[in-house]
Amino acid sequence: MIKIEPKFREQVWGDSNLNKIFGIKGNPIGEVWLLSGHPLYTTDVNGKTINEAAKELCGKKFKRFPLLIKLISTNAWLSLQVHPDDEYAQRVEGEPWGKSEAWYFLKDGEIAICEDPSLIPQALKSGNWEKVIQKVKVKKGTFVYIPAGVVHALGPNSTIIEVQQSSDLTYRIYDWGRPRELHIEKALQVAKNTKYEDLLMEKISCKYFNMEELSEGYVDGFAVDVPKKIEKNFGAFVIPKGSKGFVKDSIIVTLGEFFLNS
Ligand SMILES: O=P(O)(O)OC[C@H]1O[C@@H](O)[C@@H](O)[C@@H](O)[C@@H]1O
């Protein structure tokens, strides 16, 4: 197994506990980018970027490695937001992919989901979001799937492992009074109806990636191992193709058919 060197991103909603764990000074860290080929933060494996190393690690060459894996820890609500799908991201943003994502909760946390985005324009006028979003407590050990188009917010005191398509396209709808930029027009173009019960899962298997819990066992061939215990040397590990890795108390992430077939 090969360790990936993580990168750190400060966020207004970040959790200063992460600064203590990782020994990072300054504003609270919200996101630890564990594996990324995205130009914003690119992580290294064996002295090469994941983009350069992809062919030997997983047997496929990509201009940008398609999975982005983060550790996220919050002390406030993230924006109510939505991400575009592949078609919109390519046509409007000139990006290779949209952003479908999934979360694994390392401790009890909270999410907010908007099941019916047609109610959003009224809430933007009135400022009354109570009827528009559904706040849901999420138990430790739950997976939540957020496909492109689902209007969502991650809640305070949540610590999650996030797996997503490699994209940073987030359209903010409402930011709880913070002065950050909003992207209402694009958000309303991509938002879709959903039912929050359909998003809570025991593991994730979508066309972009697979994500499951493994308490102990061997993994054969290309996979990313993200340990569930956060400590000073926390990071993700790559199990290269053709090799076998022993894994303990981890989340295992693999590429989905969409990227294997492309
Ligand atoms: O717009 P803010 O609140 O900073 O949230 C942005 C963050 O949202 C989360 O739901 C995830 O999609 C993260 O990958 C993203 O960076």
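A: By class, the shell around the ligand has eight charged, seven polar and three nonpolar residues; Asp, Glu, Lys and Arg count as charged, Ala, Val, Leu, Ile, Met, Phe, Trp, Tyr, Cys and Pro as nonpolar, and the others, Gly among them, as polar. The model is predicted, so local features need pLDDT of at least 70 and side-chain atom pairs pLDDT 80 or more, while totals for chains, interfaces and linings use all residues. Residues are numbered from 1 along each chain as its sequence is written, and side-chain values use heavy atoms, without hydrogens and water.

In total, 18 residues surround the ligand, each with a heavy atom within 4 Å of it. Glu31, Lys70, Glu162, Arg172 and Arg180 are the closest. Strands (DSSP runs of E, at least two residues, numbered from the N terminus) S2 (7–15), S8 (101–105) and S13 (159–165) each supply at least two shell residues, and S2 gives the most, with three.

Polar contacts are pairs of N or O atoms within 3.5 Å. Oxygen atoms of the ligand lie 2.6 Å from a polar side-chain atom of Glu31, 2.8 Å from a polar backbone atom of Ser79 and 3.0 Å from a polar side-chain atom of Gln164. Of the 400 Å² of accessible area that the ligand has on its own, the protein covers 97% (Shrake-Rupley method, 1.4 Å probe).

Conventions
A polar contact is a pair of N or O atoms within 3.5 Å; within protein, one must be able to donate a hydrogen and the other to accept it, and residues adjacent in sequence count only if both atoms are side-chain atoms. Helices (H or I, at least four residues) and strands (E, at least two) are DSSP runs, numbered from the N terminus.
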